[in-house]
Number of protein chains: 2
Amino acid sequence: MDDRETGLTLAPRYDAAGLITAVATDAATGEVLMLAHMNAEALAATVASREATFWSRSRGRLWKKGESSGHVLRVCDIRIDCDQDAVWLIVEPAGPACHTGARSCFYRRVTAEGLEAVGDEVPGAA
Amino acid sequence: MDDRETGLTLAPRYDAAGLITAVATDAATGEVLMLAHMNAEALAATVASREATFWSRSRGRLWKKGESSGHVLRVCDIRIDCDQDAVWLIVEPAGPACHTGARSCFYRRVTAEGLEAVGDEVPGAA
């Protein structure tokens, strides 16, 4: 263990592309809504604005979630993991988090036989 | 949207290193416990054994979580996201999920002033 793990200094361990992973969960239900990536600018914007802002790898630019749909993720809390290469956003979503219109991107179950749709079940709230 | 997003065929979109991201949450509280990576073999082992198995990038080998500590993650449910590059494991942890001994790897809050320890608070269970 080093200071990055035990200390209270923010020192994200960005990958070769300058990114860390971000996971957003619903503050009310615990459901995982989506995973995305952040560069330093996206993390700073999220901390300052309290609205989830990511780095879009496909578009190559900063991307405030909901900037076009209005489905912003209001950030209640931000956590960082032991080796500081991932952050956890606890959010209040203004609408579906997934671009497919689903509440969460994780709308299918993996089984030994393949995938199955899970509908509106919220497993995280068990 | 394509079949990978709408269909029920498991077709993970592995990155250049052959990996997808996995996030594990506690089935009882909704707390995010850890993030790790899976290759095809790790995903298959997790589906078959119902115990979380990852690919250790640092060790370059398959890694069953808890293989040495005994702190396995029993898998209650597995979800995959829209573009199939991330999975969500809903688990019952047999002990602390973090190698530091913390229950979750996400034991620090990010604020505008830096990090702060969060102790035993479980935000996902709000």
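Modeller: Some ground rules before we start. In this predicted model, local features need pLDDT of at least 70 and side-chain atom pairs count only at pLDDT 80 or more, while totals for chains, interfaces and linings use all residues. Residues are numbered from 1 along each chain as its sequence is written, and chains are lettered from A and ligands numbered from 1 in the order in which they are written.

Biologist: Happy with that! What makes residues of chain A count as in contact with chain B?

Modeller: Two residues are in contact if their C-beta atoms, placed from the backbone, lie within 7 Å. On that basis, 40 residues of chain A are in contact with 40 residues of chain B. By class, chain A's side has 26 nonpolar, 7 polar and 7 charged residues (nonpolar: Ala, Val, Leu, Ile, Met, Phe, Trp, Tyr, Cys and Pro; charged: Asp, Glu, Lys and Arg; polar: the others, Gly among them).

Biologist: How do you know which surface the copies meet through?

Modeller: 100% of the interface residues of chain A are also interface residues in chain B, so the copies meet through the same surface.

Biologist: Why are the two copies said to be related as by a two-fold rotation axis?

Modeller: Copies are superposed by least squares on the C-alpha atoms of residues with pLDDT of at least 70 in both. Chain A can be laid on chain B with an RMSD of 0.0 Å by a turn of 180° and a shift of 0.0 Å along the axis. The copies are thus related as by a two-fold rotation axis. In chain A, the C-alpha nearest that axis belongs to Gly30(A), 2.3 Å from it.

Biologist: What does the UniProt annotation "binding site" cover?

Modeller: In that unreviewed entry, the annotation covers Cys82(A), Cys98(A) and Cys105(A); such annotations may be inferred rather than shown by experiment. The farthest two C-alpha atoms are 27.6 Å apart, so these residues do not all gather at one spot.

Biologist: And which residues is Cys82(A) in contact with?

Modeller: Leaving aside neighbours within four places in sequence, Cys82(A) is in contact with Glu5(A), Cys98(B), Thr100(B) and Cys105(B).
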